[in-house]
Amino acid sequence: MSYARWSKESDVYVYADVAGHLRCCGCNLGDVDQFLTTREMIDHLGAHRAAGQMVPESCIIGLLADADENDAWMAGLGEES
């Protein structure tokens with residue numbers, strides 16, 4: 001599920017990776033592009049905005065709407081049932 005894709009309105013590509021994290025694909029801010037909580041990703045996207053890059057508000061809204069589900073999924077990945 002992607003929250004933002006590169007476009008005229010977006011300098012970021014953000015999605016929930018099947019490997020169990022949120023990913024900022026092709027991130028140009030540094031070495032970290034994988035996050036294990038929604039809060040970490042939202043803070044990271046704030047750094048993109050602070051750097052003058054476009055992050056669609058719909059990306060933030062979508063991440064917040066899915067936060068509980070995504071955070072539970074990421075925390076539970078790899079645990080035995």
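Me: Which helix does H44 lie in?
Reply: The model is a predicted one. Its protein chain has two helices and four strands. Of these elements, the one that holds H44 is helix α1.

Me: Is H44 buried or exposed, and what is its relative accessible area?
Reply: A residue counts as buried under 20% relative accessible area and as exposed over 50%. H44 falls in the buried class, because its relative accessible area is 11%.

Me: Which residues does H44 touch, not counting residues up to four places away in sequence?
Reply: L29 is 15 residues from H44 in sequence, with a C-alpha to C-alpha distance of 9.1 Å. L29 is also one of the residues that H44 touches. With sequence positions up to four places away set aside, the list for H44 is C24, C27, L29, V32 and F35.

Me: Where is H48 placed, and what is its relative accessibility?
Reply: H48 belongs to helix α1. The cut-off for a buried residue is under 20%. H48 therefore counts as buried, with a relative accessibility of 1%.

Me: Which side chain makes a polar contact with the side chain of H48?
Reply: Leaving out residues up to four places away in sequence, H48 touches V12, C24, C27, N28, L29, Q53 and V55. The side chain of H48 makes a polar contact at 2.5 Å, and the partner is the side chain of Q53.

Me: Why is the pair of W6 and Y13 edge-to-face?
Reply: The structure holds two aromatic pairs. In the pair of W6 and Y13, the ring centres are 5.1 Å apart. Planes over 60 degrees apart count as edge-to-face. The pair gets that label because its planes stand at 70°.

Me: What is the angle between the ring planes of Y13 and Y15?
Reply: The centres of these two rings, Y13 and Y15, lie 5.3 Å apart. Planes under 30 degrees apart count as stacked and those over 60 as edge-to-face, with the rest tilted. The pair of Y13 and Y15 is tilted, because the angle between its planes is 50°.

Me: Which residues form one aromatic cluster, and which of them is partly exposed?
Reply: The cluster consists of W6, Y13 and Y15. Both Y13 and Y15 are buried, with Y13 at 18% relative accessibility. At a relative accessible area of 48%, the partly exposed residue is W6.

Me: How many residues does the largest nonpolar core have, and which element gives the largest share?
Reply: In soluble globular proteins, nonpolar side chains tend to be buried together. Here the largest nonpolar core has 17 residues, and those with the most contacts inside it are V14, L22, M41, L45, C59 and L63. Elements giving two or more residues to this core are β1 (2-4), β2 (14-17), β3 (21-24), α1 (38-50) and α2 (57-76). The largest share is four residues, and it comes from α2.

Me: How far apart are the C-alpha atoms of A65 and G52?
Reply: A65 is placed in helix α2. It counts as exposed, because its relative accessibility is 62%. G52 is 13 residues from A65 along the chain, and their C-alpha atoms are separated by 25 Å.

Me: What radius of gyration does the protein chain have?
Reply: The elements of the protein chain follow the pattern β-β-β-β-α-α along the sequence. Its C-alpha atoms fill a box of roughly 45 × 25 × 20 Å along the principal axes. For 81 residues, a compact globule would have a radius of gyration near 12 Å; the protein chain agrees, with 12 Å.

Technical notes: Residues are numbered from 1 along each chain as its sequence is written. This is a predicted model: local features need pLDDT of at least 70, side-chain atom pairs count only at pLDDT 80 or more; totals for chains, interfaces and linings use all residues. Side-chain values use heavy atoms; hydrogens and water are left out. Rings of Phe, Tyr and Trp (its six-membered ring) pair if their centres lie within 6.5 Å; planes under 30 degrees apart count as stacked, over 60 as edge-to-face and the rest as tilted. Buried means under 20% relative accessible area, exposed over 50%, partly exposed in between (1.4 Å probe, protein chains only). A nonpolar core is a set of buried Ala, Val, Leu, Ile, Met, Phe, Trp, Tyr and Cys residues joined through side-chain atoms within 4.5 Å. The radius of gyration is taken over C-alpha atoms; the globule rule is 2.2 Å times the number of residues to the power 0.38. A polar contact is a pair of N or O atoms within 3.5 Å; within protein, one must be able to donate a hydrogen and the other to accept it, and residues adjacent in sequence count only if both atoms are side-chain atoms. Contact means heavy atoms within 4.5 Å.
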